[in-house]
Amino acid sequence: MALLEVRELDVHYGGIHALRNVSFSVDEGKIVTLIGANGAGKTTTLRAISGLVKP
Ligand SMILES: Nc1ncnc2c1ncn2[C@@H]1O[C@H](COP(=O)(O)OP(=O)(O)O)[C@@H](O)[C@H]1O
Ligand SMILES: [Mg+2]
């Protein structure tokens, strides 16, 4: 069962399209890591989930 479900998430910083169509789910009881190159959007993804930036 998914504890967290993210669907088609987009985030813009002004004219910068930082996240495009991001979807994933995290099942209850699982430990999940988010990996990617510098600037890929890891921090922005977590900020959006936390409500610190507007989707
Ligand atoms: N406050 C900001 N203003 C403008 N662009 C930003 C800001 N924060 C991040 N970005 C841009 O958004 C993209 C994703 O960045 P970020 O989420 O920090 O990536 P990561 O955490 O994977 O290194 C990059 O292109 C970065 O330059
Ligand atoms: Mg980061």
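Here is a short walk through this structure, from the ligand shell to a side-chain pair elsewhere in the chain.

The model is a predicted one, in which local features need pLDDT of at least 70 and side-chain atom pairs count only at pLDDT 80 or more, while totals for chains, interfaces and linings use all residues. Residues are numbered from 1 along each chain as its sequence is written, chains are lettered from A and ligands numbered from 1 in the order in which they are written, and side-chain values use heavy atoms, with hydrogens and water left out.

Let's start with ligand 1.

Now look at the oxygen atoms of ligand 1. A polar side-chain atom of Lys-42 is 2.7 Å from one oxygen atom, and a polar side-chain atom of Thr-43 is 2.9 Å from an oxygen atom. Gly-39 takes part through its backbone, with a polar atom 2.8 Å from a ligand oxygen. Altogether, the protein covers 61% of the 550 Å² of accessible area that ligand 1 has on its own, with areas from the Shrake-Rupley method and a 1.4 Å probe.

Thr-44 deserves a stop of its own. Why does Thr-44 count as buried? Because its relative accessible area is 9%, and buried means under 20%, exposed over 50%, and partly exposed in between (1.4 Å probe, protein chains only). Leaving aside neighbours within four places in sequence, Thr-44 is in contact (heavy atoms within 4.5 Å) with Val-11, Tyr-13, Ala-18, Leu-19 and Val-53. With Tyr-13, the side chain of Thr-44 also makes a polar contact of 2.8 Å.

Finally, turn to the charged side chains. The count comes to one salt bridge, meaning a side-chain nitrogen of Lys or Arg within 4 Å of a carboxyl oxygen of Asp or Glu. The partners are Arg-7 and Glu-5, at 3.6 Å from N to O. Arg-7 is exposed at 65% relative accessible area, whereas Glu-5 is partly exposed at 46%.

Methods:
A polar contact is a pair of N or O atoms within 3.5 Å; within protein, one must be able to donate a hydrogen and the other to accept it, and residues adjacent in sequence count only if both atoms are side-chain atoms.
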